[in-house]
Amino acid sequence: MPVESAYNKKDGSVEKATAQDIQRLFFVMVRTAIIMSICFSFLLFYGFEPFRSRNAVGDTLMLKDYLALVHLGNCFIAAIMFQLGLTFTGAYLACLRYALTGDKASDLMRNPVLEATSPSDFWGRRWNKVAHGFLKRGVFKPLRKYTSSFVASLGAFFASGLFHEYIVHLVFIYKREPRPIYTSSCPTEILEYKAQIGYNMAFFAWNGVLIVIEKLMRKHQIMKSIGSALPQSFITVLIIMTALPVGHWLSNPYIRGGHFYDVQQGFPMVIKIA
């Protein structure tokens, strides 16, 4: 089952879930489902890109467009939708694991978009802990035996990029039924989506470089001083802004390919009936 087990720090055994653990998971699952229903109800009409950015209407982005507020707003919404989806999935799978085995599972997500304190904290301790565990055991640690931590980190993000490219092509390579959808400009219709090669890889390569830069800079006293002087919320904004301008490299295939339209079929929604 694709969840990480929670282990006892003293003897290394798998922990058993308690009644409080199950209550917390159920609360997280219900709360996330409600938030997702509200988001789907509002964002569906706008094609999950409510702001009219150049990317939203299909135009090529100029350098200045990467920092445009409308573009950043759409990328932030996509990041929140991905986080909500993974949070709901993680809570559901953890409940299922308890029902089948009684074991406790680690949280899949730990609110990375709103609480991350560094790029490594975002990817290593908060975002998709299952994928992180696979990449750490299967890529980072084997590479670390023969190379530096910088090379091992880049290798892990390269592997993650390959995996996400595989997901995109597996999901969106086939012809899809025509469906009415909406964008921030006007109603339109998807007849067929052809997944573009390389954008997911570019996104994770960019974040791999950010991790290496963090490793190089975090030992400097000036970075420690800045970190201790700034409010935590402001640090989180700075961390998110290192990747948010290129967030569409990851989200475009899912939005253009109708991923969120497929997911919203399983949630109650409030929609306008003409």
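## The second largest cavity

Helices α1 and α2 each supply at least two residues of the lining of the second largest cavity. Helices here are DSSP runs (H or I, at least four residues), as strands are (E, at least two), numbered from the N terminus. The structure is a predicted model, in which local features need pLDDT of at least 70 and side-chain atom pairs count only at pLDDT 80 or more, while totals for chains, interfaces and linings use all residues. Residues are numbered from 1 along each chain as its sequence is written, and side-chain values use heavy atoms, with hydrogens and water left out.

The second largest cavity holds about 60 Å³ of space. A cavity is a set of points, on a 1 Å grid over the protein atoms alone, where a 1.4 Å probe fits but cannot get out; a pocket is an open set with protein on both sides within 12 Å along at least five of seven lines; and lining residues have an atom within 4 Å of a point. Grid points are joined across faces, edges and corners, and a volume is the space filled by probe spheres set on the points. The lining of the second largest cavity consists of A17, D21, I22, R24, L25, A94, Y98, D103, K104 and A105. Its largest share, four residues, is supplied by α1. Six of the lining residues are nonpolar, none polar and four charged. In this division Ala, Val, Leu, Ile, Met, Phe, Trp, Tyr, Cys and Pro count as nonpolar, Asp, Glu, Lys and Arg as charged, and the others, Gly among them, as polar.

## The largest cavity

Three cavities of 30 Å³ or more are found in the structure. The largest cavity has a volume of about 310 Å³ and a lining of 21 residues, of which A79, F122, W123, F203 and A243 lie nearest its centre. At least two lining residues come from each of α2, α4, α7, α9 (232-241) and α10. The lining comprises 17 nonpolar residues, four polar and no charged.

## The largest pocket

Two or more lining residues are given by each of α1 (19-43), α2 (69-101), α4 (119-126), α5 (129-144), α6 (149-172), α7 (199-217), α10 (248-256) and α11 (259-263). The largest share, eight residues, comes from α6. By type, the lining of the largest pocket has 28 nonpolar, ten polar and four charged residues.

## Nonpolar cores

The largest nonpolar core has 42 residues, of which M81 and W123 touch the most other members. Such a core is a set of buried Ala, Val, Leu, Ile, Met, Phe, Trp, Tyr and Cys residues joined through side-chain atoms within 4.5 Å. Buried means under 20% relative accessible area, exposed over 50%, and partly exposed in between (1.4 Å probe, protein chains only).

W123 is in contact (heavy atoms within 4.5 Å) with H132, F157, F203, F204, N207 and I211, its neighbours within four places in sequence being left aside.

## Aromatic pairs

The whole structure contains 16 aromatic pairs. Rings of Phe, Tyr and Trp (its six-membered ring) pair if their centres lie within 6.5 Å; planes under 30 degrees apart count as stacked, over 60 as edge-to-face and the rest as tilted. F82 and Y254 form an edge-to-face pair, at 5.3 Å centre to centre and with 85° between the planes. This pair links distant parts of the chain, since F82 lies in helix α2 and Y254 in helix α10, 172 residues apart. F82 and Y254 are both buried.

The ring centres of F122 and W123 lie 4.9 Å apart with the planes at 65°, so this pair is edge-to-face. Both F122 and W123 are buried. One aromatic cluster is formed by F40, F48, F82, F88, Y254, F260, Y261 and F267.

Helix α10 is mostly covered, with eight of its nine residues buried. Its buried residues are covered by elements including α2, α6, α7 and α11. After α10 comes G258, whose phi is positive, near 85°.

S53 is located in the loop between α1 and α2. The relative accessible area of S53 is 4%, so S53 is buried. Residues up to four places away in sequence not being counted, S53 touches V70, H71 and N74.
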